[in-house]
Amino acid sequence: MTRFGDLMKAGFTGFSLIFFYSQQSLADWKDTFQYHGFISQNFVLTSENSFYGDSEHGSFDFTEAGFNVSLRPLSRLGLAAQVLYRRAGELEDEEVRLDYGLLDLTAWESPDVRIGLRLGRVKNPYGFYNETRDIAFTRPSIFLPQGIYPDRTRNLALSSDGGQLYGEYVSPIGEFSLRGNIGVPTADTSLERVVLAGNQPGEMEGKLSYVGQLAYDYSGGLIHLAFTAASVHHGYSPGLRDSLKEGNTWLEPYVASAQYSGERLTLTTEYLLRNFRSDHFGSSLPDRAITGESYYFQAGYRLTDNIEVMARYEVFYQDINDRSGKKWERRTRGLRPSFTNFAKDWTVGLRWDITPNWMARAEYHRVHGTGWLAETENPDPRKLDPDWDLFALELSFRF
Amino acid sequence: MNFPLLESTRHYPFVARFFTLVIFLFTSKSAVSQSVVVHPNVPVSEISQQEARALFTMSQHSWWDGTPVVVFVLSDSNPIHKEFCKKHLGMFAHQLRQTWDRKVFSGTGQAPELVSTVEEMRALISKTPGAIGYLPETEIDRTVRSITINEGAR
């Protein structure tokens, strides 16, 4: 134990001497060790269409669990890692993955300014909720607004294997922060299905991508504003007897976010403009470029310290040049009904914080359109119903 | 089983809450207020409200002399904690909780040390170099040092 401990200490000391001027003792670094975790079980029931499993008959196929550890051996060096388990119907394969694993180096710290670098697998700052989207306690509802935070393609811009440069500046009028991620996104098969219409013989691979967010905080979070821009690049490596060539896809979302968070009332709105283009896949998949749009308005009200009610209206358009989806229906000769190109979702929900560790939720959605439903769960688009209801329950524990 | 809703109405019925409010409004400020308290070696005697926020949101990791910051808090529902957040940080307890959760579960920060009583808070602050927390003014003794938050500074 001591030898290993000494070795670790020596390593950390050497590290800090190389990168920084180390000034403090290492006596208490073991006291900074922390672990946290959560588990959430959800129940999903839909009137028509499938979401998170066979929801028309009531689905329990939506489970999330995570466990993380963190350590701050030096006040200028932090280490953190989280393992995530997810079961999500047919949306994606059941999996355990490294959600993040990083080294956090503070390059400069004063009461007004902090500048640092995070290296490793880093979560992408995208909108208000992406970084902790799998932790029920940090979400405003059981399901995040699906136009901006689609569960269908959640891994597209979830995290980067690379680094994040961050800066925070405390000004007389509030706090500004700027974060920029550079790295390779973690691709998965769900991307193939959405972009390439089905699981293909080859592989989609993440390429060097960028995510940046500028945020402003007034009065400790009373007003919170953020602007996110990203360019997420993937490339395709064809497999054997593959009709597709070495194509590329670019996802370029811009998100403007605003929140008022008072003692009881919380008002949130976000707007997304999303450019997507793909090229060089060969004749079987012509080059294309499409601009989508989504926005929502959300209000939450704390009736007591433990009970919060919320309501939200969200709109999603796959293509801003075809909001009704009629062109899409014509182009696909009726195979894809117009309503598969958009979704309008009214949501009401109730959150009960039973104890600081236990939380329960109930939520009802009335949805017009099926724009954010997954084809893996609804293989026949002609069987989709444009007007459907969704009811969900959630029980979550954390420590 | 634990029913916080029932409990909270039992411990703080409406009438009691009303009287607490009246007493709060008509007694001198010092009788009920808390102070930011630090370990005696912490190299500051006054901080701005925004510095206090940076410390209690776990954004600032070290004091200017390099000593690591160690933050102690009472539970979210503790009236002393709620009052401290509102009056000294100009924040609500739920905002602070949200900030910590986002840091802890995205790998960008850590949670503060949770204590269950003011006695525990005082004892831990007094023996942890770099420690910061808060105490009701009547609970402050010579083992810890209180510092002021200068709200007008920024």
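In this predicted model, strand β1 (residues 34-38) of chain B runs antiparallel to strand β5 (residues 131-136) of chain B, and 5 bridges join them; two strands pair if DSSP finds at least two bridges between them. Helices (H or I, at least four residues) and strands (E, at least two) are DSSP runs, numbered from the N terminus. Residues are numbered from 1 along each chain as its sequence is written, and chains are lettered from A in the order in which they are written. Local features need pLDDT of at least 70, side-chain atom pairs count only at pLDDT 80 or more, and totals for chains, interfaces and linings use all residues.

**The sheet of chain B**

**Contact between the chains**
- Counting residues as in contact if their C-beta atoms, placed from the backbone, lie within 7 Å, 35 residues of chain A are in contact with 33 residues of chain B.
- On the side of chain A that touches chain B, β4(A) gives the most, with 4 residues.

**Confidence in chain A**
- Over residues 17-27 of chain A, however, pLDDT stays under 50.
- Where pLDDT is low, the predicted coordinates should not be read in detail.

How values were computed
pLDDT = per-residue confidence, 0-100. Contact = placed C-beta atoms within 7 Å.
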